[in-house]
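This report describes selected residues and the ligand site of one protein model. The sequence and the structure are shown first, and the description follows.

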Amino acid sequence: MENFYCVGDKGTPLFILPTCEFDSWKIQQSDFIQSWLNSTSFSGIGLTLIPDNNTGNVLQAVYFVEDVNAFWQCGDLASLLPEGKYLFKGHDKHRDLVAFGWALGAYQFDSYKTNSKIKAKLVIPCQKDLKKYSDLVQGIVLVRDLVNTPACDMMPQHLAETMQDLANSFGGEFNQWVGDELLEHNYPTIHMVGRASEHKPRLIDLSWGDTNAPKVTLVGKGVCFDSGGLDLKPGAGMRYMKKDMGGAAHVIGLAHLIMAFNLPVRLRVLVPAVENAVSNNAFRPGDVIKTRKGITVEIDNTDAEGRLVLCDALTEAQNDEPDLLVDFATLTGACRVALGTELPGFFTNNDAVAAGLIQSGKKVDDHVWQLPLYSPYKDMLKSNIADLTNCAISGFGGAITAALYLQEFVEPHTPWIHFDVMAWNNRKLPGRPIGGEAFGVRAMFEYIQSRYTD
Ligand code: BES
Ligand code: ZN
Ligand code: ZN
């Protein structure tokens, strides 16, 4: 986190003001500053760097924004400022927003670049605040880094290493079933989807926290690359499929937040991690698999692999009767068609959970949108020779039929949330660079926090 912040009490003063106050602010400034503003045609929109009359050094940075209370107001700030340390001068209530927007906007995925560009740092005077901001930002940075890392360096074993490291840092327990162990311990669908890859499939399991606390279980789709399998995706559809472990990245980031803030829950994170590859032993359309739960599934399309790896993990997740079961997955293109790429869809079997989650999302400016578990569409998952098919007969309502498939593996009494996320910014927005992105993680964290601590 040293890239975004530094501790101390010295830095170029940084003021964040609403554009509507520009005129009244301007007349209070010295003649020198007023003539600087006039000569640079500054009209109270965006950033002005005011120089010292004698030295020419930057005396203060003043950033005018539309709404000082908006979460992303400072998302572009770090990249606009020249190298240096900046000390925010303003209301305490805005300090959090400035710090988050600053860091999330300053984020760059530069592991594969020789030079990183952003050199401005925000001075955080208080060590405790620094830890709070760093922990929050780290949850999101973790998601972005994992998604941005190319598949060649982010295979199932790398996801396992990440979760092992996380367990070590927070005193959690780590376990995994790798390759044929998946068959020995009855996780057949995870093995089937991942068996064609030279990178062995696995189910990764992290546990943390007081065993008597309410159990929260997170499940994340960890398809490290989705070629589509034998139903191979066309080039354009395959191009960004390194992000198909986005669900795993989301639950790892969320787990980081839960552990860093020491929430009073017993946490379990399950990640079925595979590569959906093509090989002589790849699973085929028309194959039938008996899942961990005993439900038989006919493979209609090998590209609908996410629900297959998730169903055995969801069955496992029910084992210890969680108080809340949450899964994140880059599950369907259809969810993007329904809501666009910037709004995550979620499904739940519990109305109170839905209301709470929507409220939490609004509170932290991380909006989520409920889609229906519309049961009449279950008919579309019928198979002639097995209990279910993995792909509905019609593509219409594809996010819903995928969610209905998952619901078959969830006990009705378990409060369950399923997120269908993009995990990727297609365009740059303040604080949100193009590339890997967390959707609904802050909303979910806020919801878990309010459910178990308030
Ligand atoms: N990983 C994809 C879904 C996806 C695609 C998410 C693009 C985000 C952006 C998933 O495994 C998949 O291929 N789904 C198919 C399902 C279909 C074969 C029923 C899809 O959505 O087309
Ligand atoms: Zn697929
Ligand atoms: Zn996929």
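Phe4 lies in the segment before strand S1, which spans residues 5-7. The model is a predicted one. With a relative accessible area of 8%, Phe4 is buried, because a residue counts as buried under 20%.

Apart from residues up to four places away in sequence, Phe4 touches Trp102, Ala103, Ala106, Tyr107, Ala120, Lys121, Leu122, Val137 and Val141.

Thr217 belongs to strand S9, residues 215-220. Its relative accessibility is 1%, and Thr217 therefore counts as buried. Beyond its neighbours within four places in sequence, Thr217 is in contact with Arg268, Leu270, Ala317, Pro322, Leu324, Leu325 and Val326. Arg268 is 51 residues from Thr217 along the chain, yet the two C-alpha atoms are separated by 4.6 Å.

Leu324 is placed in strand S14, residues 324-329. At 0% relative accessibility, Leu324 is also classed as buried. Thr217 and Leu324 are separated by 107 residues in sequence and by 6.3 Å between their C-alpha atoms. When neighbours within four places in sequence are left aside, the contacts of Leu324 include Lys215, Val216 and Thr217. Further contacts of Leu324 are made with Pro415, Ile417, Met444, Tyr447, Ile448, Arg451 and Tyr452.

## The site of ligand 1

Which residues are closest to ligand 1? Of the 15 residues that surround ligand 1, the closest are Asp226, Lys233, Asp244, Asp303 and Gly333. The space that ligand 1 takes is the largest pocket.

In Lys221, a polar side-chain atom lies 3.2 Å from an oxygen atom of ligand 1. In Asp244, a polar side-chain atom is placed 2.8 Å from a nitrogen atom of ligand 1. In Glu305, an N or O atom of the side chain is 2.9 Å from an oxygen atom of ligand 1. On its own, ligand 1 has 520 Å² of accessible area, of which the protein covers 77%.

## Helix H12: Arg336

Arg336 is part of helix H12, residues 333-339. Why does Arg336 count as buried? Its relative accessibility is 12%, and the class of buried residues applies under 20%, so Arg336 falls within that class.

A polar atom of the Arg336 side chain lies 3.3 Å from the backbone oxygen of Thr332. Not counting residues up to four places away in sequence, Arg336 touches Thr341, Leu343, Gly345, Asp420, Val421 and Met422.

## A buried loop residue: Ser383

Ser383 is found in the loop between S16 and strand S17, the latter comprising residues 388-389. Although it is a loop residue, Ser383 is buried, with a relative accessible area of 15%.

The side chain of Ser383 makes a polar contact of 2.7 Å with the side chain of Glu298. The Ser383 side chain also reaches the backbone nitrogen of Ile385, at 3.1 Å. With residues up to four places away in sequence not counted, Ser383 touches Glu298, Leu388 and Thr389.

Asn262 is not a glycine, but its phi is positive, at about 50°. Asn262 sits in the loop between helix H10 (246-260) and strand S11 (266-276). Is Asn262 buried or exposed? At 56% relative accessibility, Asn262 counts as exposed, because the exposed class lies over 50%.

Asp365, likewise a residue other than glycine, has a positive phi near 60°. The loop that holds Asp365 runs between helix H13 (351-363) and strand S16 (369-370). With a relative accessibility of 29%, Asp365 counts as partly exposed.

Conventions
Residues are numbered from 1 along each chain as its sequence is written. Chains are lettered from A and ligands numbered from 1 in the order in which they are written. This is a predicted model: local features need pLDDT of at least 70, side-chain atom pairs count only at pLDDT 80 or more; totals for chains, interfaces and linings use all residues. Side-chain values use heavy atoms; hydrogens and water are left out. Helices (H or I, at least four residues) and strands (E, at least two) are DSSP runs, numbered from the N terminus. Buried means under 20% relative accessible area, exposed over 50%, partly exposed in between (1.4 Å probe, protein chains only). Contact means heavy atoms within 4.5 Å. A residue is near a molecule or strand if one of its heavy atoms lies within 4 Å of it. A polar contact is a pair of N or O atoms within 3.5 Å; within protein, one must be able to donate a hydrogen and the other to accept it, and residues adjacent in sequence count only if both atoms are side-chain atoms. Accessible areas come from the Shrake-Rupley method with a 1.4 Å probe; for residues, only the protein chains shown count as cover. On a 1 Å grid over the protein atoms alone, a cavity is a set of points where a 1.4 Å probe fits but cannot get out, and a pocket is an open set with protein on both sides within 12 Å along at least five of seven lines; lining residues have an atom within 4 Å of a point. A molecule sits in a cavity or pocket if more than half of its atoms lie within 2 Å of its grid points.
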